[in-house]
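Please look through the sequence and the fold below before reading on, and keep both in view while the paragraphs lead you from one group of residues to the next.

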Amino acid sequence: MSPRRNARAAARDRVPVRRSATHGRTRALGQHFLRDRSVVDRILELVCPTPRDLVVEIGPGRGALTDALAARAGRLLALEIDAGLAAALRERFADAPRVEIRQSDARRFDYAGLRALVPDPEGRVLVVGNLPYSVGKPILAALVESGPAIDEMALMLQKEVAERVAAEPGGKTYGALSVLTQVAASVRLAFTVPPGAFSPPPQVDSAVLHLQARREPPVPIADPARFARVVRAAFSQRRKSLANALAAGLGLATDRARRLAEAAGIDPGRRAETLSLAEFAHLAARSGEAHPR
């Protein structure tokens with residue numbers, strides 16, 4: 001195929017880009033609009049929306065994913081923080097009764113009530129989104145904290161963040177974000193996305209995470225709030241030993257933090273990045289006895 005024909009073929013695979021008055025504001029949020037239809041298709045293949053399902057799209061932007069989701073989902077709720085983009089999408093989908101465009105901040109949206117919006121009792125709640133770089137982590141945290149309200153997710157994030165979410169114990173990318181996400185959902189990094197798939201192109205690669213919510217954590221967690229507190233404390237000073245990090249993060253004397261780790265069967269000289277989910281669960285259970293009242 002000639003270079004000219006190659007260029008024409010590539011153009012057909014791009015979602016048309018429309019400029020708007022909100023362009024500068026959305027770019028300030030770290031938002032890069034998806035425009036590659038092949039990426040859209042791969043995202044759809046991950047969650048396979050059906051007429052029984054409710055799909056929540058976060059950050060629809062100019063609608064590259066929205067069109068495809070609207071054609072497959074039983075109901076589509078798109079959350080867009082930008083008033084101008086939300087208004088444009090409402091006009092575009094004015095004749096689509098199963099599509100609702102809501103101007104909303106996905107970091108603060110109440111995901112707990114989504115189950116009531118599913119069009120079929122046997123349907124699923126799916127979340128799909130190209131998350132703005134600057135707010136990707138807090139949006140992910142809000143989704144994870146919603147628990148069983150969501151069945152499955154396909155989320156595009158900055159590749160570095162996606163790798164942290166999916167990381168296994170023992171590496172520098174493994175941290176509190178990894179642990180707190182993985183106790184709530186099975187996580188895998190499905191595929192990477194190059195800068196050219198977006199407008200404007202970011203300076204780094206992106207990646208799509210596939211998350212499937214767990215009905216129960218993979219390890220026993222009696223008190224989720226305490227578990228999260230212990231995990232964050234353990235990673236609060238990554239370069240220090242577990243005992244020192246816990247002492248600082250939980251407000252304990254170092255000797256007491258050391259005994260806490262030992263009571264959980266963990267060497268207090270280890271670093272947090274080496275602990276498994278099960279070891280964090282043991283540590284959290286013991287911390288209920290050691291945490292100051």
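Are Tyr174 and Phe235 buried or exposed? Both Tyr174 and Phe235 are buried, where buried means under 20% relative accessible area, exposed over 50% and partly exposed in between, with a 1.4 Å probe and protein chains only. This is a predicted model, in which local features need pLDDT of at least 70 and side-chain atom pairs count only at pLDDT 80 or more, while totals for chains, interfaces and linings use all residues. Residues are numbered from 1 along each chain as its sequence is written, and side-chain values use heavy atoms, with hydrogens and water left out.

A search of the whole structure finds three aromatic pairs; rings of Phe, Tyr and Trp (its six-membered ring) pair if their centres lie within 6.5 Å, and planes under 30 degrees apart count as stacked, over 60 as edge-to-face and the rest as tilted. One of them joins Phe109 and Tyr111 edge-to-face, at 5.1 Å centre to centre and 65° between the planes. Tyr174 and Phe235 are also edge-to-face, because their ring centres are 6.0 Å apart and their planes stand at 75°. Ring pairs link Tyr174, Phe235 and Phe280 into a cluster.

Leaving aside residues up to four places away in sequence, Ile58 touches residues including Leu79, Tyr111 and Leu143, contact meaning heavy atoms within 4.5 Å.
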